[in-house]
Every structure is written in C-alpha cells, then in structure tokens.
Amino acid sequence: MASLPVYRWRLAPDGYATRRQLRARGLRPGGQDVAAQLERPRRRRGPLVAYLYRIDLAKPVRPMTPARWAALAKANTARRTCPACRRDAGYVIPTTLGTCVPCAYPEQYAA
C-alpha cells in the first residue's frame with residue numbers, strides 16, 4: 001500500500017480540497033479515496049490532520065428531493081418535541097436534560 005503525500009498546512013498544491021471546501025463549491029468526494037493529507041503541527045500533541053480529495057474527480061452534490069425535505073422537517077420537529085409534555089418547545093431539546101426546560105425544572109416554572 002502506497003502512503004499518501006503529506007503537505008504542510010496551507011501548502012497543498014492546486015487541484016486538492018477538503019470535504020468542506022468541496023461542499024462550498026457544490027461538490028462531494030463521490031466515492032474517491034483520499035488523495036493526500038494536510039498536517040498542521042501542534043506543540044504538545046500530534047499534528048492536526050485534514051484529508052484532501054482531487055477536485056477533478058469530485059461529483060456534484062445530489063439535490064434534495066421533496067421526500068428528503070419532508071424527512072428532515074420531521075426529524076427537526078422530533079428534536080423540538082418534549083417527550084414529557086409532548087409540546088413543541090420552540091428550540092432543540094438539550095440532550096443533557098432530555099426534556100424541555102420547564103419539565104426539567106418544574107419548581108422554577110410553577111405558576
């Protein structure tokens with residue numbers, strides 16, 4: 001197995017991009033393998049690593065279908081619905097609480 005070319009931070013040649021950079025251009029890796037990696041040195045720990053993909057082999061991002069939009073809306077509604085009182089909290093329920101704030105701290109919200 002051949003090792004990947006490693007470049008220093010901000011010194012990668014043209015034609016390579018990270019996943020985020022591809023996404024900003026409306027592209028995705030499209031099943032290609034990692035082509036290279038960037039390393040950013042740090043003082044007391046190992047280097048930060050970012051994987052690079054070839055831009056010429058990247059494919060366009062798949063468009064959202066109506067069914068995907070509906071599934072995403074349903075998932076976001078579920079994240080806002082309190083499992084205790086079954087009301088839409090208007091915000092994403094914190095996983096640390098597991099319920100909306102009034103259900104988590106009833107003594108503070110008793111009217």
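# A guided tour, starting at a cysteine

Start by selecting cysteine 100: at a relative accessible area of 5%, this residue is buried (buried means under 20% relative accessible area, exposed over 50% and partly exposed in between, with a 1.4 Å probe and protein chains only). Before moving on, note that this is a predicted model, where local features need pLDDT of at least 70, side-chain atom pairs count only at pLDDT 80 or more, and totals for chains, interfaces and linings use all residues. Residues are numbered from 1 along each chain as its sequence is written, and side-chain values use heavy atoms, with hydrogens and water left out.

Cysteine 103 is in no disulfide either, and the structure holds 0 disulfides. With a relative accessible area of 27%, cysteine 103 is partly exposed.

**Rings and a charge**

Next, select tyrosine 7 and tyrosine 16. Rings of Phe, Tyr and Trp (its six-membered ring) pair if their centres lie within 6.5 Å; planes under 30 degrees apart count as stacked, over 60 as edge-to-face and the rest as tilted. By this rule there is 1 aromatic pair. The ring centres of tyrosine 7 and tyrosine 16 are 6.2 Å apart and their planes stand at 45°, so the pair is tilted. Tyrosine 7 is partly exposed at 22% relative accessibility, and tyrosine 16 is partly exposed at 25%.

Then show tryptophan 9 with arginine 40. The charged end of arginine 40 sits over the tryptophan 9 ring, 5.6 Å from its centre (this requires NZ of Lys or CZ of Arg within 6 Å of the ring centre and within 35 degrees of the ring normal).

**The largest pocket**

Select Ala12, Thr18, Gln21, Leu38 and Leu52: of the 14 residues lining the largest pocket, these lie nearest its centre. A pocket, on a 1 Å grid over the protein atoms alone, is an open set of points where a 1.4 Å probe fits, with protein on both sides within 12 Å along at least five of seven lines; lining residues have an atom within 4 Å of a point. Strand E2 (16-17) and strand E5 (48-54) are the elements that give two or more residues to this lining (strands are DSSP runs of E, at least two residues, and helices are runs of H or I, at least four, numbered from the N terminus).

**Stops in the loops**

Go to arginine 10, in the loop between strand E1 (6-8) and E2. Arginine 10 has a positive phi of about 70° although it is not a glycine, and is exposed at 75% relative accessible area. Most residues other than glycine have a negative phi.

Arginine 86 also has a positive phi, of about 60°. Look for arginine 86 in the loop between helix H2 (66-80) and helix H3 (101-104), where it is exposed at 60%.

Valine 92 lies in the loop between H2 and H3.

Finish at leucine 57, in the loop between E5 and strand E6 (59-60). Leucine 57 is partly exposed at 43% relative accessibility, and its C-alpha is 7.6 Å from that of glycine 30, 27 residues away along the chain.

Definitions and conventions:
A disulfide is a pair of cysteine sulfur atoms within 2.5 Å.
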